[in-house]
Amino acid sequence: MANGGPVEHGYPHLETVRAAITALYRRLSCDTVQAFAASVAPADVAFCDTDDLHLGAQRVAREIVRHFRLPDARLIVGFREMTHAAHVELAAGPEYFVELNDRFRTHRRDIGAALAHEVTHVYLHRLDLAFPTTAENEILTDTVATYLGAGWLLLDAYREDGVSSQKLGYLTPEEFGYVLAKRSLFFGEDPSVWFTSAQAYTAYARGLDRARQDGRQPPLTAAGWAGRRRYAHDRRHVSGVPPTAPYSFSPDPAGRLRVSFPCPTCHQRIRVPVRGRVRARCALCRTVLECDT
């Protein structure tokens, strides 16, 4: 939790974020991901200063547990002094003990954001979905929370001005915006109307621009002129394709050239023949892609 200190910006964790989206689709299936088409509603997690602190926190926790379809999970929420925003004990359940930073006693509107992250930890624990390191697991948690409709609360908790700052979670504001935009493009949902933070809106707009770039990379037909020209050059000089290119070429068993590139929705690698106009369907997220190979 950045509290008054510097807030990191940009996309330093982008590759891990993309790997997290792919892992989510592989673990859940496209049908299960599509069951999360509706995000957590602002009214369901609203928390005002006149609400009882403990009863209100339990109510918000129940709403987020319900969103993640964990009917037998019960969160016991308490408060104490700590460095981080929150902590959850990942035991066997059905009861999970969540501790929130004492700061939330007077910043109650952000309790939903902290609980969204912790409930996602419980969700991933039950799915047995994890990355190798603690840092990667935290990025996975923020990504899954956001992609499945609860993490917009984490982005909305980001506020920064000339004298103070606050950010929850491990992604940068722009990375939260990127994942939220990926969700928006997939489900056709506009989360920007829920933001109470002007900085969150700006971060979402930047993330949306970055997410749209994923759908404009060659060999997709939506790629711009410069990208198409670069792709045509690389196709003629396969051995010289730079490692930073979003695509790679390789022969099939018969020696015919194929191109591999990430799906702009789930980032699963897709391989198609190099033979001009091709329509491809991602087997993981079922996105239909128009390509010019």
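Tutor: We will take the salt bridges, then the cysteines. This is a predicted model, where local features need pLDDT of at least 70, side-chain atom pairs count only at pLDDT 80 or more, and totals for chains, interfaces and linings use all residues. Residues are numbered from 1 along each chain as its sequence is written, and side-chain values use heavy atoms, with hydrogens and water left out.

Student: Why is the pair of glutamate 99 and arginine 80 called a salt bridge?

Tutor: The rule asks for a side-chain nitrogen of Lys or Arg within 4 Å of a carboxyl oxygen of Asp or Glu. Here the N to O distance is 2.9 Å. That is within the cut-off, so the pair is a salt bridge. By this rule the count comes to 17 salt bridges.

Student: What parts does the pair of glutamate 99 and arginine 80 tie together?

Tutor: Glutamate 99 is in strand E4 (residues 95-101) and arginine 80 in strand E2 (residues 74-80), so the tied parts are 19 residues apart in sequence. Strands (E, at least two residues) and helices (H or I, at least four) are DSSP runs, numbered from the N terminus.

Student: How do you know whether aspartate 110 is buried or exposed?

Tutor: Compare its relative accessible area with the limits: buried is under 20%, exposed is over 50%, and partly exposed is in between (1.4 Å probe, protein chains only). Aspartate 110 has 3%, so it counts as buried. Its salt-bridge partner is arginine 159, with the closest N and O atoms 2.5 Å apart. Arginine 159, at 19%, also counts as buried.

Student: What makes aspartate 292 partly exposed?

Tutor: Its relative accessible area is 24%.

Student: Which residues do salt bridges with shared partners join into one network?

Tutor: Glu15, Arg18, Lys182 and Asp214.

Student: How do you know that cysteine 291 is in no disulfide?

Tutor: A disulfide needs two cysteine sulfur atoms within 2.5 Å. The nearest cysteine sulfur to cysteine 291 is that of cysteine 263, 9.8 Å away. That is beyond the cut-off, so cysteine 291 is in no disulfide. The count by this rule is zero disulfides. Cysteine 291 is buried, at 1% relative accessibility, whereas cysteine 48, at 36%, is partly exposed.
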